[in-house]
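Subject: Structure handover

Hello,

Here is the structure I promised to pass on. Please open it and keep it beside you while you read my notes.

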Amino acid sequence: ARPLVARAYARFARAPGVAFLAGWLESKVGDCPAALRYLDETIAVEPLHDQAWLERTICLTRLERDSAAIESATHLIALGGPSRAQGFYWRAVNRHRRKELPLARADADTAKTLTTAPTVLTIAGVIEHDQDDLAIAET
């Protein structure tokens, strides 16, 4: 897929859909530094690109760039699009890693009101456990 996406990107470099596809692909194969370049290009052309902000947040999290990931997740949440719940999830993950448990808990609790995705319930349970709220964590 990489050679095909590279050809498309070479021909349509200013098309946000092509730049996003390149960033998404690099993210999925684990090359987050390359993915961020394409995702940032996508956002520069189409600032409200919900999926680009989501993939950017995920890559920043994988790179353990917590402050940047929190900022990116906050922007994703502010967009109010279909990935809003994921924005709260990823912000909770990064805040948990930074040991900001009350903030992480608030994000996880909000995410739980928006979705019952297993990843959201898992991070919520981990945070609740770390706060010694074991009855809720077990649930």
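First, a term you will need: a residue is buried when its relative accessible area is under 20%, and exposed when that area is over 50%. Anything in between is partly exposed. By that rule Tyr9 is buried, and Tyr38 is buried as well. Please remember that this is a predicted model.

**The overall picture**

The chain has nine helices and zero strands. Along the sequence, the pattern reads α-α-α-α-α-α-α-α-α. The C-alpha trace spans about 55 × 25 × 25 Å along its principal axes. The chain has 139 residues, and 45% of them are buried.

**Aromatic rings**

A pair of aromatic rings is described by the distance of the centres and the angle of the planes. How many aromatic pairs does a search of the whole structure find? It finds two.

Tyr9 and Tyr38 form an edge-to-face pair. Their centres are 5.0 Å apart, with 80° between the planes. This pair links distant parts of the chain. Tyr9 is in helix H1 (residues 2-11), while Tyr38 is in helix H3 (residues 32-45). They are 29 residues apart.

Tyr89 and Trp90 form an edge-to-face pair too. Here the centres are 4.9 Å apart, and the angle between the planes is 80°. Tyr89 and Trp90 are both buried.

The charged end of Arg37 sits over the ring of Tyr38, at 4.3 Å from the ring centre.

**Cysteines**

A disulfide is a covalent bond between the sulfur atoms of two cysteines. A search of the whole structure finds zero disulfides. Cys32 has a relative accessible area of 3%, so it is buried. Cys59 is buried too, because its relative accessible area is 0%.

**Helices H7 and H8**

Next, look at how two helices pack. Helix H7 covers residues 101-114. H7 and H8 pack at an angle of about 145°, and their axes are 9 Å apart. Their crossing is left-handed. Which residues in H7 meet H8? They are Leu101, Ala104, Arg105, Ala108, Asp109, Ala111 and Lys112. On the H8 side, the residues are Val120, Leu121, Ala124, Ile127, Glu128 and Asp130.

- His129 is in helix H8, which covers residues 118-130. Its relative accessibility is 47%, so His129 counts as partly exposed. Leaving out residues up to four places away in sequence, His129 touches Leu134 and Ala137. His129 and Ser83 are 46 residues apart along the chain, and their C-alpha atoms are separated by 26 Å.
- Asp130 also lies in helix H8. Asp130 has a relative accessible area of 39%, so it is partly exposed. Leaving out residues up to four places away in sequence, Asp130 touches His96 and Leu101. Asp130 and Ser72 are 58 residues apart in sequence, and C-alpha to C-alpha they are 25 Å apart.

**Asn94**

Is Asn94 buried or exposed? Its relative accessible area is 0%, so Asn94 is buried. Asn94 is found in helix H6 (residues 84-97). Setting aside neighbours within four places in sequence, Asn94 is in contact with Thr61, Asp66, Ala69 and Ile70.

Most residues other than glycine have a negative phi. Two residues here are worth checking against that.

- Glu64 has a positive phi, near 60°, and is not a glycine. Glu64 lies in the loop between helix H4 (50-62) and helix H5 (66-79). With a relative accessible area of 56%, Glu64 is exposed.
- Lys99 is not a glycine either, yet its phi is positive, at about 65°. Lys99 is in the loop between H6 and H7. Its relative accessible area is 66%, so Lys99 is exposed.

**Where to start**

Begin with Tyr38, which pairs with Tyr9 and has the charged end of Arg37 over its ring. Then go to H7 and H8 and look at their left-handed crossing. Finish with the loop that holds Glu64 and the loop that holds Lys99.

Best wishes

Conventions
Residues numbered from 1 in each chain as written. Predicted model: local features only at pLDDT ≥ 70, side-chain atom pairs only at ≥ 80, totals over all residues. Heavy atoms only, no water. Disulfide = S-S within 2.5 Å. Buried < 20%, exposed > 50% of the residue type's maximum accessible area, 1.4 Å probe, protein only. Phe/Tyr/Trp six-rings, centres within 6.5 Å; stacked < 30°, edge-to-face > 60°. Helix = DSSP H or I, 4+ residues; strand = E, 2+ residues; numbered from the N terminus. Lys NZ or Arg CZ within 6 Å of the ring centre and 35° of its normal. Contact = heavy atoms within 4.5 Å. Axes fitted to C-alpha atoms, helices over the stretch in contact; angles between N-to-C directions. Left-handed = near helix turned anticlockwise from the far one by under 90°.
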